[in-house]
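User: I would like to go through this model term by term and see what each label rests on. Please set the values against the cut-offs.

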Amino acid sequence: MKTFIPGLSGLLLATTALTAPQVAFAQATPPAEVATPTEVDEIVVLGANIPEPMRETSEVATFLSVEDLKRQGDDTAAEALTRLTGVSLVGGRFVYVRGLGERYSSAQLNGSPLPSPEPLQRVVPLDLFPSNILAGATVQKTYSPNYSGEFGGGVIDLRTLTVPNEPFFTMSMSVGGNTETTFKEGITYYGAETDPFGYDDGTRDVPGPLKDAIATGLRVTNGNFTDDELTYIGSSFVNAPLNLIQHNNAIPGNFSADISGGQSFDLGWGTLGLIGVAGFDNGWRSRFGTQQDGFVAAGVISPVTNYTFRSTQNDVVINSLVGVGLDLGEHIFSWTTLYIHATSKEARIREGVDDLAGAEVRDDYTEWFERELISTQLTGEHDFDQLELDWRGAYAETSRNAPYEKSIRYRLVAGEYLHNASQEQNYTRFGEVEETVGSFGGDARYTFSLSDARDVVVSGGFAYSDTNRSATQREFRLLALNVSLPIEVQRQRVDYLLADYNIGPNGLVLRETTGADGAAAYDANLEVKAVYGQVDAEIIPLLRVAVGARYEDATQSVTPFSLFAGDPTPFAPAPRENQYWLPAATLTWNFYEDMQLRLGISQTIARPQFRELAPLSYVDPDTDRLFIGNPNLVDSKLLNLDARYEWYFDRDQYVTVGLFYKDIENPTEAIVNDIGGSVQTTYLNAPRAVLFGAEFDVKTYFELFPETPWFSSKRWLFSANYTYSKSELRVETGDVVYPLTIDGSSRPALDFVSDGQAMQGQSEHLANVQFGYADEEAGAQATLLFTYASDRISTRGRSGFPDLVQSPGMIVDFTYRRDFMAMDREFTFGFEARNLLEEDSEEFQELGGGRIENNSYELGRSFSISLSARF
C-alpha cells in the first residue's frame with residue numbers, strides 16, 4: 001500500500017497543478033500551438049525520512065534492528081528488548097510491556113506461537129534466545145486482528161536470521177567475568193562429568209529401583225513397601241556427587257563461542273539459500289545477600305526471620321539454527337529449525353534465625369534445571385500481483401527437567417549444626433514440565449486502487465494453535481520415623497549422614513511426600529481457532545484507516561490428577577470455553593512533512609496461565625517461595641486506547657510522543673497467604689484496573705567539534721526514551737473475589753486488594769539513554785547505555801502487611817567495537833562493561849519507618865572482551 005507524507009512544497013505543487021487548467025483557460029488569447037493541459041487528480045510527495053517498517057504498518061510499534069543488536073552488545077533477546085520504549089525486564093527473563101506483566105504480552109518466533117518450559121509461566125522466557133540468532137524484533141503496542149487476541153501490553157515478534165544475499169562465514173569468541181564472582185570464592189557441587197557442557201551423563205536419572213516402585217502406582221512409603229524394599233530404594237539415590245556442597249577458591253571466568261555461515265546458489269530457475277548458526281556459552285554468577293520475613297506491630301514492620309545467603313550458579317547455553325530458503329521470484333519458501341538447550345546448576349546456602357522454626361538454622365540446596373526448546377517452521381509467500389498469500393506451519397517442543405532438586409536443614413545446637421531428620425528435614429525432588437505447540441495459519445491480502453495514488457488493502461486470514469502441557473513433581477524424604485538419630489550421626493557430613501549405612505528401619509526411612517502441599521501433577525491444554533478480516537485504506541489523501549476484527553474460539557483446561565491409586569481425585573475445574581469478537585481500528589494522519597499522528601482503539605483479552613490455574617505447589621528457586629495456582633481464575637478483558645505523534649526530521653532520526661489508556665476487567669494479581677504456619681503465593685482476579693501513561697522517544701545523529709582531528713571522522717548518536725505509566729486497582733464496597741478455596745466460594749475483595757493500589761510488576765518510570773559514536777574511517781563504534789526502572793510491586797503482601805517491592809534502579813553499560821585487518825582477514829574486537837554503577841538487586845517491604853529485605857543481593861560489575869573473524 002502506498003503511504004503518503006507530503007512536504008509543504010508538495011502541497012503547494014499539488015495546489016498549483018490542480019488550478020493550472022483554470023489558469024490556462026482564463027488567458028485572453030492562447031498561442032496557436034499550445035498542448036491541451038493535462039488535469040492532475042493527485043500529486044503526493046512521500047516523506048523520504050520515514051523508515052520502511054513505519055511506512056508499512058498502521059500500528060504503534062517499535063523495532064529492534066540488527067544494527068541495534070550490534071551496538072548494544074546484549075547477549076539475549078530479553079536484554080536487547082529492554083532498550084525499547086516502555087519495555088522492562090523482570091527476573092532477567094520475562095519482558096513487561098508498558099508495565100504489564102508477561103501474562104498480558106505474547107511472544108512469537110517468525111509469526112508462530114512458542115511453548116514455555118517454565119513451571120510458573122505459559123509465556124516463553126526471552127532469555128532463552130541468544131542475540132546471535134536474531135535478525136531483529138518487533139514490539140507492537142496497538143492491537144491488530146492478524147495477531148492473537150491475547151494482547152495487553154503488546155506482542156513481541158522475534159525474527160531469526162534468514163538466508164543471505166552473499167556468502168559469509170564468521171567465528172567469534174568472548175571471555176569475561178564479574179567482580180562478585182570471577183576468581184572469587186564460591187560454592188558448588190560435583191554433579192556429573194559432563195556438567196560443564198550443560199548435559200547430564202545419566203547421573204541424575206531416576207534410580208532404577210525408584211523407577212520400578214513408581215511404576216506400581218503406589219506411594220513409596222511404609223504400608224505399601226516392606227522395610228527391605230524401602231531401604232533398597234532409598235540406598236539407590238545418588239549421594240555425594242549431588243549432596244555435598246564444596247567451596248571453590250576461584251570461580252572461573254565466562255566463555256562463549258559462536259559460528260555462523262550462509263551461502264546462496266543460483267539454480268537458474270530459482271535461488272537456494274542456506275544458513276547455519278551455532279553457539280556455546282558458559283557463565284558463572286555468585287550472589288551474596290539477605291532474605292527476611294517480617295512482622296507488623298504498632299504499625300511498624302521489623303524482621304523476625306533473617307537469613308544471609310550465598311549461591312553460585314553455572315549457566316550453560318547451547319544453541320543452533322538451520323535455515324533453508326528457496327526464492328522463485330514471485331514464490332518464496334522458507335524452512336527454519338531452532339534448537340536451544342539452557343542449563344542452570346546452582347549450589348546455595350542460607351543461614352540465620354527462622355521464626356517458624358524458633359531456632360537458628362541452615363539450609364543447603366543443590367539444584368539442576370535443564371531447559372530445552374526445539375522449534376521447526378515452514379513458511380510460504382506468494383505474490384500474484386494484486387493478491388498476496390502467506391502461510392506458515394510450525395511445531396515446537398519445550399521441556400524443563402529438574403532432577404535431584406535437593407535440600408537439607410540443620411539446626412544450630414551448642415555451636416554446631418545438627419540434622420535430626422525429624423524436626424529438621426530433607427527432601428529430594430524430581431520435577432518435569434513438557435509443553436508442545438502445533439500451529440498453522442494463512443493470510444491473504446488483495447490490493448486495488450482508489451485512484452492513481454491511493455490504494456485499499458483488504459486482508460483476512462485464519463490461525464490455529466494447540467498447546468499441550470504436562471507437569472509432574474515427586475518428592476521424597478529420608479526421615480527418622482522409628483528412632484531418634486544418635487548425636488554422632490546428626491553431626492555427620494551430609495554424604496555420610498545420607499549414606500546407605502544410615503538408611504534402614506532403625507535409621508533413615510524413605511517416605512514419599514509427593515502432593516503434600518497440593519496436586520502433584522496436571523495436564524493442560526489450550527486450543528485456539530481464529531479468523532480475522534481487515535480493511536486498510538487511504539480513504540482521502542493523507543488519511544489512512546485500518547479497521548478490522550478477530551473472532552477467537554478457545555477451549556482451555558487444566559486437569560490436576562493424583563499419581564497414586566486410591567488417593568482422592570483433586571478438584572478439576574470444567575474446561576473453559578470462550579468465544580470473543582475482538583474489534584480494532586487505527587487511524588494514521590500524515591499531516592505535514594515527515595510527521596504522522598496515529599490513533600488506535602481495540603478490545604483484547606488475557607487468559608490465565610496454566611500454572612496460575614493448576615493447584616500444584618512449586619518452590620521458586622530464585623526466591624525460595626512456595627507458589628500454588630487457583631482454578632477459580634477467569635479471563636481478563638481489556639479496552640485499549642492509543643495515540644502517538646511521530647516526526648522523522650531526518651533519515652533514521654525522529655521524535656515520537658505517545659499516550660495510552662487501558663481499562664482491564666478482572667486483572668490477575670498474585671497475593672500471599674498464611675497457610676498452616678507457612679507462606680504461599682497464589683492468584684486471584686481483582687475486580688478492575690486502569691493503566692494510563694505517556695511515552696517519549698528521540699533519536700538523532702550529529703557532529704561534535706567537526707574541526708577537531710579526533711572528532712572530525714565521528715558521527716555521534718543520542719537516543720533516549722521515557723515512559724510514564726500509572727496503574728490503579730478499582731475496588732468498591734460489595735465487590736467480591738474468588739481466592740483459592742476448595743468450594744470456590746467468594747470473599748470481599750477489600751480483604752485482599754485495596755482501591756488505588758498499583759498493579760503488580762508496573763514501574764511508574766522507565767527510561768533508556770544511549771550516547772555514542774561511529775567512526776567509519778577507523779571502523780569503531782562506542783556506546784554508553786543507561787537503563788532505569790523505578791520501584792514496582794513484585795507480590796502482594798498478606799493481610800495487614802505492605803506489598804513486596806522490587807527496586808531495579810539505574811543500570812549503566814558501555815560497549816565498544818573496532819574493525820581491523822590481520823592476515824588478510826576482517827576482524828572485530830569488542831569490549832563490554834555492564835552495571836558500571838554496581839546497582840544491587842533489591843526486594844523489600846517498608847512500613848512505619850521499618851524495612852525488611854525480602855530478597856536482596858549484590859550484582860557486581862561485569863566485563864568481557866570478544867574477537868570475531870569473517871572469512
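User: Which residues lie nearest the centre of the largest cavity, and how many line it?

Analyst: The lining of the largest cavity has 19 residues, and Asn-243, Lys-406, Thr-428, Val-494 and Leu-498 lie nearest its centre. The model is predicted: local features need pLDDT of at least 70 and side-chain atom pairs pLDDT 80 or more, while totals for chains, interfaces and linings use all residues. Residues are numbered from 1 along each chain as its sequence is written, and side-chain values use heavy atoms, with hydrogens and water left out.

User: Which elements give two or more residues to that lining?

Analyst: They are β15 (359-384), β16 (387-413) and β18 (426-449). Strands here are DSSP runs of E with at least two residues, numbered from the N terminus.

User: What makes this space a cavity?

Analyst: On a 1 Å grid over the protein atoms alone, a cavity is a set of points where a 1.4 Å probe fits but cannot get out, and a lining residue has an atom within 4 Å of a point. The rule gives five cavities of 30 Å³ or more.

User: How many residues of each class are in the lining of the largest cavity?

Analyst: There are 10 nonpolar, seven polar and two charged residues. Lys-406 is one of those near the centre, and Lys counts as charged along with Asp, Glu and Arg. Ala, Val, Leu, Ile, Met, Phe, Trp, Tyr, Cys and Pro count as nonpolar, and the others, Gly among them, as polar.

User: Why is Asn-525 called buried?

Analyst: Its relative accessible area is 18%, and buried means under 20% (1.4 Å probe, protein chains only), so the label applies. Asn-525 is found in strand β21 (residues 521-540).

User: How do you know that the side chain of Asn-525 makes a polar contact with the side chain of Asn-468?

Analyst: The distance is 2.9 Å. A polar contact is a pair of N or O atoms within 3.5 Å, one able to donate a hydrogen and the other to accept it; residues adjacent in sequence count only if both atoms are side-chain atoms. The value therefore meets the distance cut-off. A polar atom of the Asn-525 side chain also lies 3.1 Å from the backbone oxygen of Thr-467.

User: Which other residues does Asn-525 touch?

Analyst: Leaving out residues up to four places away in sequence, the contacts (heavy atoms within 4.5 Å) include Asp-466, Thr-555, Gln-556, Ser-557 and Phe-610.

User: What makes β21 and strand β22 (residues 543-561) a pair?

Analyst: Two strands pair if DSSP finds at least two bridges between them. β21 and β22 run antiparallel and are joined by 19 bridges, so they qualify. In β22, Gly-548 is the bridge partner of Gln-534. Their hairpin has two residues between the strands, and Leu-542 takes a positive phi near 85° there. β21 also pairs with strand β19 (residues 455-479), antiparallel over 17 bridges, where Phe-462 has Val-531 in β21 as its bridge partner.

User: Why do β1 and β5 stand at the edges of their sheet?

Analyst: The sheet is open, with five strands in the order β1-β6-β7-β4-β5 and mixed pairing. β1 (61-64) and β5 (112-113) each have a single partner strand, so one side of each is left without a neighbour in the sheet. Within this order, strand β4 (residues 105-109) and strand β7 (residues 154-160) pair in the parallel sense over five bridges.

Definitions and conventions. Helices (H or I, at least four residues) and strands (E, at least two) are DSSP runs, numbered from the N terminus. Buried means under 20% relative accessible area, exposed over 50%, partly exposed in between (1.4 Å probe, protein chains only). On a 1 Å grid over the protein atoms alone, a cavity is a set of points where a 1.4 Å probe fits but cannot get out, and a pocket is an open set with protein on both sides within 12 Å along at least five of seven lines; lining residues have an atom within 4 Å of a point. Grid points are joined across faces, edges and corners, and a volume is the space filled by probe spheres set on the points.
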